[in-house]
Amino acid sequence: MQNHTPWQPEIAKALIAERRALPGAVIPILHALQDRFGYVDKEAVPMIAEALNLTRAEVHGVVTFYHDFRGAPPGRHVVKVCRAESCQSMGCDSLIAHIEKKVGASLKHTAGDGSVTLEPVYCLGNCALSPALMWNGDLYGKMTPQKFDRLHKAKVGGS
Amino acid sequence: MSVRVFVPIDASALSVGAEEVAAAITRETARRGAKIALVRNGSRGLFWLEPMVEVETKAGRIAYGPVSADDVAGLFDADFLAGGKHKLCLGPTEEIPYLKRQERLTFARCGIIDPLSIEDYRAHGGFAGLEKALAMAPKEIVETVVESGLRGRGGAGFPTGIKWRTALAATADQKYIVCNADEGDSGTYADRMIMEGDPFMLIEGMAIAGFAVGATEGYLYIRSEYPHAFAQMERAVKVARDAGYLGSNIRGNGRSFELHLRLGAGAYICGEETSLLESLEGKRGEVRFKPPLPAIEGLFGKPTVINNVVSLASVPIILDKGAGFYRDFGMGRSRGTLPIQLAGNVKRAGLVEKAFGVTLRELIEDFGGGTATGRPVRAVQVGGPLGAYFPTSMLDLSMDYEAFAANNGMVGHGGVVVFDDTADLAKQARFAMEFCAIESCGKCTPCRLGSTRGVEVIDRIVADEDRAANIELLGDLCATMTDGSLCALGGLTPYPVMSALTHFPEDFDRPRKRAAAE
Ligand SMILES: Cc1cc2nc3c(=O)[nH]c(=O)nc-3n(C[C@H](O)[C@H](O)[C@H](O)COP(=O)(O)O)c2cc1C
Ligand code: SF4
Ligand code: FES
């Protein structure tokens, strides 16, 4: 399970302050916020802008440019499924269809019960052991529908 | 004396249970009162054998694999600590043909040493290049790299030494070395292996680059999909700094080099060097116009050398053994070795470092052993998502920059992705366009809109709507992307698309094929 804190501006403020002096601080700040809260709350945008002397539009532009940063809290687990070429050659398309069914959400969505958010990813560097996915930061290779069901059961419970 | 046992900490090895194997070995060791020193090494790159456990015996290192946690008690029963016989025993690691047939220069230590031990690193030739560089004038270092013939391994193949010359000649109060560890190409993992398995080599290469051009600050930009590599580099930087290999007055020699790590944020385009610099500056990763070259006006407007991980990691051995030593490997204008990454539907996927000139057939058949599914090979994509798809009739193509360029393809970062005969190349072409649309930085119209248009046009071709006209349209669209794109994302997406159409036209003609069969 991911260990995220509900959004709290005071914590965000401290995370921003700790990093504001870094050269090119915006992205390290956004990572720190997302690590803590699971997403980048829109309230953070004016806070970052003020701390770094940037316009809100500039900060907003950065947040939306990068695929990593979420605008809303994810499920209790985040599963990134690789859909790039090497994994395609090992059947990731049908694996993904299976995963979407099992989880009860399509890619880029969260299951209705809040258990899992599925995200597409384009290569995890595990192409020698395709297909690959990352479950809350842990990498898995040679994934199969059966292995996924076992993993899902171990992490989320249920059947 | 305790026996050294090696269980990789490489992310791929972890992805198939290396952590569980290490835990089981620790448990069994305690239970049996055995004495071992567990080393978490990098991977040797024989991924179909991971988790591959090695034991240091009097007769050298003996390998076992692929090992699962359930096998561990049996391995102890078979006295694997003394290299005992077991059904998973692969014999002496160095004798495994896949390894034995390689020419490992950049990957000479990966999987062999403890990645975080400076002593181990030094005992295997580490920092010898840096020690030599410390005694050389900047110009001498640069000219050694020029002479070695080293070309950028990140994709574009630009001569590394020439880039360094430009940065050396620039005058500024501050210069930077930036290492591109964005490794976004599907089918590639060499950068990741180095960062996880031999991180000091990269630090050494970056420091030498710093001495060469007069840069005292370095940034290593690692993609966020690589949390393991990032964590390992963080540990390695700390160890290197504590040992006096980073920071001010390196090895008491008076030169300084500081290294900062940054995490990417899931944007393929940030592998493009100027987009990466924008990202490091905390901006949207939009590609810059060139000129100015980054070597003249790069990070924060200062002269900057930006190189790929493998390029920088190749520098220490060039300094240590000399330009001539490195140059003697390879062919034509492709000098040295290339770490090739065999991936996808191949039985023995892994890292193959060879001098330039090895053919795709040797790679896929001799090293790879054919497909993982056991079906015939149908297509091979070389050089990542912007690389061409080749049919089996072209497998005698040899891995060198010029041979690939002459065949409308590229070696790129050395990724080779194999597809069996169930592959649908129209689908692959469609994906290439879709990927370009997803990852486009949005700066130029042909890339931003052309790619979305490309997806629609391929859909129409496959649906047999106005086929001839739409095939022509696809060709025109690709020509516009090639001519009108600022960078290679839009500029090279036509490679996978047009190669699929040229070499596999039948896949774009499914309805007709079906009709003919009926
Ligand atoms: C779309 C795109 C993606 C790229 N991705 C990478 C990458 O992930 N890693 C890399 O080293 N170079 C990548 N490059 C190449 C870089 O722009 C640049 O040529 C390279 O970092 C220079 O280093 P080298 O000369 O050592 O190869 C990419 C280029 C383009 C156009
Ligand atoms: S070709 Fe695409 S990715 Fe490259 S600069 Fe233009 S819009 Fe950006
Ligand atoms: S393509 Fe899926 S891990 Fe590389």
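Which residues does V411(B) touch, not counting residues up to four places away in sequence? They are L338(B), V382(B), G383(B), M399(B), D400(B), Y401(B) and F404(B), where contact means heavy atoms within 4.5 Å.

The structure is a predicted model, in which local features need pLDDT of at least 70 and side-chain atom pairs count only at pLDDT 80 or more, while totals for chains, interfaces and linings use all residues. Residues are numbered from 1 along each chain as its sequence is written, chains are lettered from A and ligands numbered from 1 in the order in which they are written, and side-chain values use heavy atoms, with hydrogens and water left out.

Figure 1. Helices (H or I, at least four residues) and strands (E, at least two) are DSSP runs, numbered from the N terminus. V411(B) has a relative accessible area of 2% and is therefore buried (buried means under 20% relative accessible area, exposed over 50% and partly exposed in between, with a 1.4 Å probe and protein chains only). N408(B) has a relative accessibility of 52% and so counts as exposed. Its phi is near 55°, a positive value in a residue other than glycine.

**Figure 2. Overview of chain A, with seven helices and four strands.** The order of elements along the sequence is α-α-α-α-β-α-α-β-β-β-α. The C-alpha trace spans about 50 × 30 × 20 Å along its principal axes. Of the 159 residues in chain A, 55% are buried. Among contacts between residues at least 6 apart in sequence, 59% join residues at least 24 apart.

**Figure 3. Helix α6(A) and its packing.** The helix has twelve residues and reaches 16 Å from its first C-alpha to its last, close to the 16 Å expected at 1.5 Å a residue; the expected span is 1.5 Å times one less than the number of residues. C92(A), L95(A), I96(A), I99(A) and V103(A) are the buried residues of α6(A). These residues lie on the same side of α6(A) because they cover an arc of only 100° around the axis, the arc being that of the directions from the helix axis to the C-beta atoms. Packed against them are β1 (77–82), α5 (85–89), β2, β3 and α7 of chain A. The face turned away from the buried side carries the exposed residues S94(A) and K101(A). G104(A) follows the helix and has a positive phi, near 85°.

**Figure 4. Helix α7(A), residues 145–156.** Its twelve residues should span 16 Å at 1.5 Å a residue, and the end C-alpha atoms are 16 Å apart, which agrees. F148(A), L151(A) and H152(A) are buried. They cover an arc of only 100° around the axis, so they lie on the same side of α7(A). The cover over these buried residues includes α6 (92–103), β2 (116–121), β3 (133–135) and β4 (138–140) of chain A. Q146(A), R150(A) and A154(A) are exposed on the other side of the helix. After α7(A) comes G157(A), with a positive phi near 90°.

**Figure 5. The loop between β3 and β4 of chain A, with N136(A).** N136(A) has a positive phi, near 45°, in a residue other than glycine. At a relative accessible area of 22%, N136(A) is partly exposed.

**Figure 6. The largest cavity, with about 70 Å³ of space.** On a 1 Å grid over the protein atoms alone, a cavity is a set of points where a 1.4 Å probe fits but cannot get out, and a pocket is an open set with protein on both sides within 12 Å along at least five of seven lines; lining residues have an atom within 4 Å of a point. A search of the whole structure finds one cavity of 30 Å³ or more. Its lining includes C441(B), C444(B), C447(B) and C487(B). The lining residues divide into eight nonpolar, three polar and one charged.

**Figure 7. Two cis peptide bonds in chain B.** One joins K290(B) and P291(B), with omega about -5°. Another joins P291(B) and P292(B), with omega about 0°. P291(B) is placed in the loop between α12 (273–280) and β9 of chain B.

Terms used. Points joined across faces, edges and corners; volume = space filled by probe spheres on them. Nonpolar A, V, L, I, M, F, W, Y, C, P; charged D, E, K, R; others polar.
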